[in-house]
Amino acid sequence: MQSLAAVPATRLPPGAIAARALRSVEFRREREATWRELEDLIAAADRRGLRTLGAEQLARLPHLYRAALSSLSVARSISLDLALVEYLESLVGRAYFVVYGTRQHLRRQIAEFFGWKLPATVRAARWHILAAAIVTLAAAIAAFQLTSADLDYYYAFAGSMAQGRTPASSAAELRDGLYHTESASGALTTFAASLFSHNARIGILAFATGFVAGLPTLLLLFYNGLVLGAFAALYHVRGLGLDVWAWMLPHGVTELTAVVLCGAAGLLLAQALVFPGARTRIDSLREQGRAAAVIVVGAVGMLFIAGLIEGVFRQTVTSVPVRLAVAAATAAGWIYYFGFVGRGRVRRDAATEVAR
Amino acid sequence: MRPVVSALRINDNAQLVREIVTPEGIPVRFTLARAGDRAAGFAIDLVIQIALLVVIGLGLRSAVGDTGTWLTAAIVLLAFALQNFYFALFEIRWQGATPGKRAIGIRVIDARGGQLETSAVLARNLIRELEVWIPLRLLFLGGIVWPDAPGWARLVAAAWAFVFLFMPAFNKDRLRIGDMIAGTRVVMQPKLVLVPDLVDETAAAAAALRRAAPGATASAAAAYSFNDAQLSIYGIYELQVLEGVLRINPGDLSHLEVLRTVSDKVRAKIRYEPAVLDHERFLREFYTAQRTHLEQKLLFGQRRQDKFSR
């Protein structure tokens, strides 16, 4: 029995085919070369990265991609060759990854992120940030009042964070703690690094637990406020009020803002989940989730800066006015950054949106 | 009859196929990655992360010398950066793939078919703290985090860990919480195989036969012919099943058996009287004739889906 499949089949001159050549066969013969070209480009981009493609190849990619898309829709309407339609489907899918995957260079992405996206997203979330700040502040004030009246509350609010700074310590010991300096090469660097990664992890957690309806987020914020208030009260009672703020604020401004931002991100998520409004839950999560992630990444950056201030600056500078001046400078810096950076870009975007 | 049955499965995992509409307005189908593939990809990435940590840590130690604290600080920072930004960085730079995903052949795409945004990549990966790292810590380091935890706390922790770790297995879109929040999907990277067109192949084979035996043109070239009535019985579905049967790797005996069975069925159905010696050849020519017939109908807007449609 002869097997026809064993006979080599491809690359015949068109005339060799029977008179009633199929349109779908014709169609494939005309376009196959461009599909193969696209296939090669995709393979190169996958193997060595998009950036290794030459300028000419890069310019050709979207053109070939659109050609493949049009081939796919033609094939769907005229060809009954399942293998062909499935091949085109795969080809378009693979090309889609390359064309619509994240595209820009990493450096440009980072510049864009910090130059516009982060401050703009933070501005858009101002009400959530306000809510997170109020929760923290309310807890801090309550803890401050209670601890000022009765120092035993300190153990309840800040017990685990005390690190030897307890009501049992004398004013002199507490004072030493505030002005104690160490050489920067000591155990301090490790301490600062662990502190940063610990804080950042808590921040990310405050965001992520927004997915559990935001209750843990609120608790984290509240607890953070309690520790802060109790801690400040302890020093105030001992007459070290100004000193403790000068000790805390240089890094605290940045750190507390970052924690509040993470909390706000968690609240964004929680709101999208619990009160999706007119949209479906999935839609509102998708939008708010992305915004929240942008805020959290910004906050992690801030916590890193706070860690640097805490680990290096505070341990080498002990003058109260200088410490307060630095605190004021960081506050002004963040207000400027989140309040004003990238505003022009937003307006330009709105204008082009309208022009379209 | 088992081989025929397997050839019938044109789309073997139809419930995992999702259609997304590209910005050009053309729907393209992707197959969602299975939970097992994703877990395997994650495991590979985890191993790479740990290896990176160990290698860079040892490298730093040999470069800077064993000066304790700086080294510890650097490793703490590195561990944090790897844990939280390893996935995001790769997915941004490699168009939705990490080394593990690439090895398995899966990718992240935007669920609505748009460009994969940086913020989406960040969102889907930051949430890992909640759904991966905390559960893992609870499961494996629970005793260290909370030494004398009561039984109920361990139970709650285990429940938490399982709900989040196995989320993709519980919903029909195989979504991790990160995917829900970011609006992304993880899909299989389709394989690119363009096999020759059966019609082309059959015609070429016939032409080769004609060249080999010029005298026997009449009998060899148009061995089988079909009339319109015979071609109006089957529809597109049957045509494509036949395509599947013909594309099964030829050569082994069971395949010949399958071809004969199919050929017998087809001949009985379309009342084809003449004797058939070469069943494969008969089926190929029937395929060509049937496809030509159906594609011509298609040009006139008549799409006959299967043998049951009128």
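Colleague: At what angle do H13(B) and H15(B) pack, and how is such an angle read?

Modeller: Axes are lines fitted to C-alpha atoms, for helices over the stretch in contact, and angles between N-to-C directions run from 0 to 180 degrees. Helices are DSSP runs of H or I with at least four residues, strands are runs of E with at least two, and both are numbered from the N terminus. In this predicted model, H13(B) and H15(B) pack at about 150°, with axes 10 Å apart. This is a left-handed crossing; that is, the near helix is turned anticlockwise from the far one by less than a right angle, whereas clockwise would be right-handed.

Colleague: Which residues of H13(B) and H15(B) make the contact?

Modeller: Contact requires C-beta atoms, placed from the backbone, within 7 Å. H13(B) contributes Ile236(B), Leu239(B), Leu242(B), Glu243(B) and Leu246(B), and H15(B) contributes Leu283(B), Arg284(B), Tyr287(B), Gln290(B), Arg291(B) and Leu294(B). By class, there are seven nonpolar, one polar and three charged residues. Here Ala, Val, Leu, Ile, Met, Phe, Trp, Tyr, Cys and Pro count as nonpolar, Asp, Glu, Lys and Arg as charged, and the others, Gly among them, as polar.

Colleague: How are the residues and chains labelled, and what limits apply to the model?

Modeller: Residues are numbered from 1 along each chain as its sequence is written, while chains are lettered from A and ligands numbered from 1 in the order in which they are written. As the model is predicted, local features need pLDDT of at least 70 and side-chain atom pairs count only at pLDDT 80 or more, but totals for chains, interfaces and linings use all residues.

Colleague: At what angle do the axes of H2 and H3 of chain A cross?

Modeller: The axes of H2(A), residues 55–78, and H3(A), residues 82–100, cross at roughly 150° and come within 9 Å. The two helices are therefore roughly antiparallel. Their crossing is left-handed. Their contact has 15 nonpolar, one polar and two charged residues.

Colleague: How many residues does the contact take from chain B and from chain A?

Modeller: Chain B gives 72 residues and chain A gives 73. On the side of chain B that touches chain A, the largest share, 10 residues, comes from H3(B). That side divides into 39 nonpolar, 15 polar and 18 charged residues.

Colleague: How many residues of H5(B) are buried?

Modeller: A residue is buried if 20 or more other C-beta atoms lie within 10 Å of its own, exposed if 12 or fewer, and partly exposed in between. In H5(B), nine of nine residues are buried, among them Val121(B), Arg124(B) and Leu126(B). Across chain B, 34% of the 310 residues count as buried. Phe85(B), which lies in helix H3 of chain B, is partly exposed because it has 16 C-beta neighbours inside 10 Å. The C-alpha atoms of Phe85(B) and Leu126(B) are separated by 8.0 Å, although these residues are 41 apart along the chain.

Colleague: Which residue other than glycine has a positive phi near 50°?

Modeller: Gln95(B) has this value. Gln95(B) sits in the loop between H3 and H4 (99–104) of chain B, and counts as buried because it has 23 C-beta neighbours inside 10 Å. Ala213(A), also not a glycine, has a positive phi of about 65°. Ala213(A) is in the loop between H8 (187–208) and H9 (215–237) of chain A. With 15 other C-beta atoms within 10 Å, Ala213(A) is partly exposed.

Key:
Angles under 35 degrees count as roughly parallel, over 145 as roughly antiparallel, 65 to 115 as roughly perpendicular and the rest as oblique. Two residues are in contact if their C-beta atoms, placed from the backbone, lie within 7 Å.
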